[in-house]
Amino acid sequence: AAEVSSESVLLSNGVKMPILGLGTSHHGGYSQSAVVFALRDCGVRLIDTAKRYGCEEQVGAAIKQSGIPREQIFVTTKLWPLDYGYESTKTALKESCKRLGVDYVDLYLIHWPDCPRGKGQDNRTIRAETWRAMEDLCSKGLCRAIGVSNFLIPHLEQLIQDCTVVPHVNQVEYHPYQNPKDLVKFCQAHNIAVEGYCPLAMGTALNEPTIVAMATKYQRTPSQILIRWSLQNGVITIPKSTKEERIKENCHPVERGHGPPEQSP
């Protein structure tokens, strides 16, 4: 399993990744000021985006606007399926870097295991060819770590058989209603760090009676309890919000001196 501390996860290639960050997406809008606030005022050092979200340029501008040195920020972006394939993957990362205004990204992910029809090859072959490009990009320093997103155990098993570098990260949906224990165990056994998106289950878990009771007991908000639950399980967590007060709340799931919940949801 990846080595986990209270602030970071040591990936299998020696790169340190913050354990708590800020997600962005094309759902629910994008707030430039919220990203700047997260970086400048809340100490967030992990920003997750993707070509699909259409906000790489804005994220790049927010990084500059924050005044935080680039090398202190861990930037993740993702390869969209239409760009899968050896040459197109390399081109896509260079274009993402250009939009972000950076020379490299810290983590580059294959966004989905499914490949678009019409490439004339089966999914496994396309994934393997795409991954070979990811390995080359990483060796050349255009990304510091490489990984996958939404991959299940069979996808990971195939990729491990077909590749030289085992993925450093697998980013999946993770919250008490979506708790893929077998997948997490598989990742831990192969030293693949697990990163979870939607830690609040799109808000649906905030009214769960167990969560509300724990929030009351520990004088925290339900979102803080849910984020703490993910972190306690060693999962890199990227809650998404466009509201400053929510980002501040999410960045401090449990202060020092408050013990962990004695039971997990």
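Predicted model: local features only at pLDDT ≥ 70, side-chain atom pairs only at ≥ 80, totals over all residues.
Residues are numbered from 1 along each chain as its sequence is written, and side-chain values use heavy atoms, with hydrogens and water left out.

The protein chain contains 9 helices and 11 strands, assigned as DSSP runs (H or I of at least four residues for helices, E of at least two for strands) and numbered from the N terminus. Its radius of gyration, 18 Å, is close to the 18 Å that the globule rule gives for 265 residues, so the chain is as compact as a globular protein of that length; the radius is taken over C-alpha atoms, and the rule is 2.2 Å times the number of residues to the power 0.38. Along the principal axes, the C-alpha atoms fill a box of roughly 55 × 40 × 35 Å.

An open sheet is formed by 8 strands in the order 4-5-6-7-8-9-10-11, with parallel pairing; two strands pair if DSSP finds at least two bridges between them. Strand 4 (22-23) and strand 11 (236-237) are the edge strands, each pairing on one side only. Strand 11 runs parallel to strand 10 (residues 193-197) and is joined to it by 2 bridges; Gly196 has Thr237 of strand 11 as its bridge partner. Helix 4 packs on the sheet, where it touches strand 6 (74-79), strand 7 (105-110) and strand 8 (143-149), and its direction makes about 155° with that of strand 8. Contact denotes heavy atoms within 4.5 Å. Axes are lines fitted to C-alpha atoms, for helices over the stretch in contact, and angles run from 0 to 180 degrees between N-to-C directions.

Helix 4 (residues 123-139) also packs against helix 5 (residues 153-162), at an angle of about 55° and with the axes 10 Å apart. Helix 4 is therefore oblique to helix 5; angles under 35 degrees count as roughly parallel, over 145 as roughly antiparallel, 65 to 115 as roughly perpendicular and the rest as oblique. Arg124, Arg127, Ala128 and Trp131 of helix 4 meet His155, Gln158, Leu159, Gln161 and Asp162 of helix 5. By class, this contact has 3 nonpolar, 3 polar and 3 charged residues, where Ala, Val, Leu, Ile, Met, Phe, Trp, Tyr, Cys and Pro count as nonpolar, Asp, Glu, Lys and Arg as charged, and the others, Gly among them, as polar.

Helix 7 (residues 209-218) and helix 8 (residues 222-232) have axes that come within 8 Å and cross at roughly 100°, which makes helix 7 roughly perpendicular to helix 8. Ile211, Met214, Ala215 and Tyr218 of helix 7 contact Pro222, Ile225 and Leu226 of helix 8. This contact has 7 nonpolar, no polar and no charged residues.
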